[in-house]
Amino acid sequence: MMRSELFESEDTEIELSYERDFYRTSFLIVVSETIKKQLTLRFRYKANMVGEAFSVILQVAIFAAMAGAVTLVGVNNLEGNDVFIFFLGSLVLIVFSTVALSAPLNAVIQDLHNGTLEYLFSTPISRYAYFVGTAIAEAISKSMFFLPMLAVLIAFSGVNISAGLLILAVCITVIVGLIAFGVLVALMGVLWKQVSAIAALLFTFFEFICGAYFPVTSMAIPFQVVAFALPHTWGYDLIRYYSFQGTWTPLLPIQIEWVMLVVHAVLYIVVSSKLIKRVERKAKKFGLHLI
């Protein structure tokens, strides 16, 4: 190899390395700045937060009342306090549902309203980082409701510290998958504009089919097959397993459920990152006003 070619090769490698480092840095900067922006807007409008707090309290009260009147029959027969633990295990994840189905989509709707969506897709920043930052900000704000609810679940079920940490680990893993799924929902908003009804339908579907209100084993086989394909199912089941201190009969062996939970999270991340590139190419070719 000639000396000039060697220098050109080294320059190319240095340039590619610089671009990779710049992308990593800019990705983190976009995520950080988006989180700051969203949290600033979030805490500026306190009336909305007060309404959400009362909504969460109302949900807990309703499920506490239902626990005294409902008996869940199936592989795990539950009644009384056990029913309340069952419902409370669902609520600690339901409180994060907006991370996937509302936060990134609301960001798209807001950008459409303000006329800034095309600007967002014309800048060199990572759109994925923008949506991830929006979802993380929502998760941070929701933690004000999640942490007290988790503390009530741990205290009410009487689990030890290690089991409580495992419940927290389950929730964090589910949230990672929800953030990636939230990007998918946001991209639906970019392509089809009005998808709020679809997002609400998905929210209701996930709650019922994944076992938020009744055990998955009590459903018909076709519904169980659909439930097994969704990460929420494994999140609910693992939380209940640890909440009932091992007396809950899981859908699958615990190690396999953890694998399923992680695989689903990774799958959502891969699919959403691939899809956002396709949306970016379509936006550059046709313009967002024509999508």
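Which helix holds D237? D237 sits in α11, which covers residues 231-243.

## About the model

This model is predicted: local features need pLDDT of at least 70, side-chain atom pairs count only at pLDDT 80 or more, and totals for chains, interfaces and linings use all residues. Residues are numbered from 1 along each chain as its sequence is written, and side-chain values use heavy atoms, leaving out hydrogens and water.

## Helix α11

Helices are DSSP runs of H or I with at least four residues, numbered from the N terminus. α11 has 13 residues and spans 18 Å from first C-alpha to last. That is close to the expected 18 Å (1.5 Å times one less than the number of residues).

Twelve of its 13 residues are buried, so α11 is largely enclosed by the rest of the structure. Buried means under 20% relative accessible area, exposed over 50%, and partly exposed in between, with a 1.4 Å probe and protein chains only.

## D237

D237 is buried but has no salt bridge (a side-chain nitrogen of Lys or Arg within 4 Å of a carboxyl oxygen of Asp or Glu). R240, the nearest side chain of opposite charge, is 5.7 Å away. The D237 side chain does reach the backbone nitrogen of L251, at 2.8 Å.

## Aromatic pairs

There are ten aromatic pairs in the structure. Rings of Phe, Tyr and Trp (its six-membered ring) pair with centres within 6.5 Å; planes under 30 degrees apart are stacked, over 60 edge-to-face, the rest tilted. F84 and F156 pair edge-to-face, with centres 5.0 Å apart and planes at 75°. F84 lies in α3 and F156 in α7, 72 residues apart.

Definitions and conventions. Helices (H or I, at least four residues) and strands (E, at least two) are DSSP runs, numbered from the N terminus. Lys and Arg count as positive and Asp and Glu as negative; His and the chain ends are not counted. A polar contact is a pair of N or O atoms within 3.5 Å; within protein, one must be able to donate a hydrogen and the other to accept it, and residues adjacent in sequence count only if both atoms are side-chain atoms.
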